[in-house]
Amino acid sequence: MAVASVTSIPLPALPADWAAGKDFKPVGHISASTLRTIEPVGPHFLAHARRARHKRTFSEDDRIQAQEKAKKVEDEEYSEISEDEDPLMLQRDAKDWKSQDHYAVLGLTKFRYKATEDQIKRAHRKKVLRHHPDKKAAAGRTDDDNFFKCIQKATEILLDPVKRRQYDSVDEAADVDAPSKKQLAKGNFYKLWGNVFKSEARFSKTHPVPTFGDEKSTKDEVENFYNFWYNFDSWRSFEYLDEDVPDDNENRDQKRHMERKNANARKKKKAEDNARLRKLLDDCSAADERIKRFRKEANAAKNKKRLEKEEAERRAKEEARLKKEEEERAAKAAEETAKADREAAKKAKEAAKNAAKKNKRVLKGSVKDANYFVSGEPSASTIDSVLADVELVQSKLDNEGIAALAGKLNGLKLADEIKTVWQDEIGRLQGDGKLVAADIKALGS
């Protein structure tokens, strides 16, 4: 640590023969001297102090500083990993790479198909810095390199444009599900459905993709949107899900069979995906108030008064019908729910009762299997004493406790093992203050 020193510097005296010139006109007076503290500062002084404190040469200090700077950069790389790593993911088998979430492996789940090549490379570098086998070995860790292989495979897939497109084609984690009625009741219809089609737009061969718009969208904009999506040209394919084709020239028939099987599977999945998208559009358009509004406006232009009257009547009937149907559905749902609750409660009660009886039989059966912990034929008093202890312990346990004890005793045949389990349970109950040692007659020793 730097130490400040105080230095007193007196002002120099004027020469004895000095005299002011004729033209000298003083305009003020010299102020009195002020004592000030001067401290050495700056990076160069700090470097000097560091070298002096640690008794280093210039080259030694430069080398150590470079090492610390490199370590700091590495630590910063670690800290930039924004996603926590799932412990289960770290235990993945590298051979099962096809079912792994490549974006999650690299910590890019919030980007997914939007991740750039630079982001993928930087994410790969961060993961390698943390999970490289050589680094783990240097740190004294003997973990296997399965997850490191997962990292390498994920990077290989995502940096290859063809393979990445095949994976993005089946990446369900990037899909946005259609909003439910409950969500639509609470949220913004246009925003919720807009997010769905924004997600689906990643598969479009044609760009730009029309946006869903909002309540202010014109009729032409809405029609253009639905026309585009009802004639949607998707590049989505399903090669990633293909079964592996054997690379064996001697078995060409099997290879052709697998290729045909994969082609048919892709065709089927493509048809299912088209049907899924079609249903999305049907559900969305059916609930789109803009379409209803445009239809009403078109009809109103033909016969405004008649349509207004008919529309009012229709709306009233429709609302009454919907209200009646809703009430009927609600009443039916409430009745079904109550019935299901009663049946579930009855079944649960019966199951709990049966389980308790079964577990109690296991407890009593365990002491019987142990011959009531005596050699030879047990006397009636011995049996009564042991069973009394069993009943006492059971009375101090709830159903879950009885089930846990039965699980420990189930399958044991040796008397010593069975007695050890009973004594452990008795000791636990005594420790919890639920049982007094004096109450135990036969199982306590």
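Me: Where does Lys-55 sit?
Reply: Lys-55 is in the loop between α1 (43–54) and α2 (58–79). Helices here are DSSP runs of H or I with at least four residues, strands are runs of E with at least two, and both are numbered from the N terminus. This is a predicted model, where local features need pLDDT of at least 70, side-chain atom pairs count only at pLDDT 80 or more, and totals for chains, interfaces and linings use all residues. Residues are numbered from 1 along each chain as its sequence is written, and side-chain values use heavy atoms, with hydrogens and water left out.

Me: Is Lys-55 buried or exposed?
Reply: Lys-55 has 76% relative accessibility, so it counts as exposed. The cut-offs are these: buried is under 20% relative accessible area, exposed is over 50%, and partly exposed is in between, with a 1.4 Å probe and protein chains only.

Me: And what is its phi, for Lys-55?
Reply: Phi of Lys-55 is near 55°. That is a positive value in a residue other than glycine.

Me: Where is Asp-84?
Reply: In the loop between α2 and α3. Asp-84 is exposed, at 81% relative accessible area. Asp-84 and Ala-104 are 20 residues apart in sequence and 9.8 Å apart in space, C-alpha to C-alpha.

Me: New topic. Which residues does the cis peptide bond join?
Reply: His-207 and Pro-208, with omega about 0°. Pro-208 is in the loop between α10 (189–200) and α11.

Me: Now rings. How many aromatic pairs does a search of the whole structure find?
Reply: The search finds 17. Rings of Phe, Tyr and Trp (its six-membered ring) pair if their centres lie within 6.5 Å. Planes under 30 degrees apart count as stacked, over 60 as edge-to-face, and the rest as tilted.

Me: Why is the pair of Trp-97 and Tyr-240 edge-to-face?
Reply: The ring centres of Trp-97 and Tyr-240 are 6.4 Å apart and the planes are at 85°, so the pair is edge-to-face. The pair links distant parts of the chain, 143 residues apart. Trp-97 is in the loop between α3 (87–90) and α4, and Tyr-240 is in the loop between α11 (219–230) and α12. Trp-97 is partly exposed at 27% relative accessible area, whereas Tyr-240 is buried at 7% relative accessibility.

Me: And how far apart are the ring centres of Phe-228 and Phe-232?
Reply: They are 6.1 Å apart, with planes at 70°, so this pair is edge-to-face. Both Phe-228 and Phe-232 are buried. They belong to a cluster linked by ring pairs, with Phe-189, Tyr-190 and Trp-193 also among its members.

Me: Which arginine lies over the face of Phe-212?
Reply: Arg-290, at 4.5 Å from the ring centre. Arg-202 lies over the face of Tyr-113, at 5.0 Å from the ring centre. A charge sits over a ring if NZ of Lys or CZ of Arg is within 6 Å of the ring centre and within 35 degrees of the ring normal.

Me: Switching to α16. Which residues are buried there?
Reply: In α16 (residues 399–409), they are Gly-401, Ile-402, Leu-405, Ala-406 and Leu-409. Seen down the axis, the buried residues of α16 fall within an arc of 135°, so they line one face of the helix. The arc is that of the directions from the helix axis to the C-beta atoms. The face turned away from the buried side of α16 carries the exposed residues Glu-400 and Gly-407.

Me: Last one. Where is His-257?
Reply: In helix α12. His-257 is partly exposed, at 42% relative accessibility. His-257 and Ala-330 are 73 residues apart in sequence and 53 Å apart in space, C-alpha to C-alpha.
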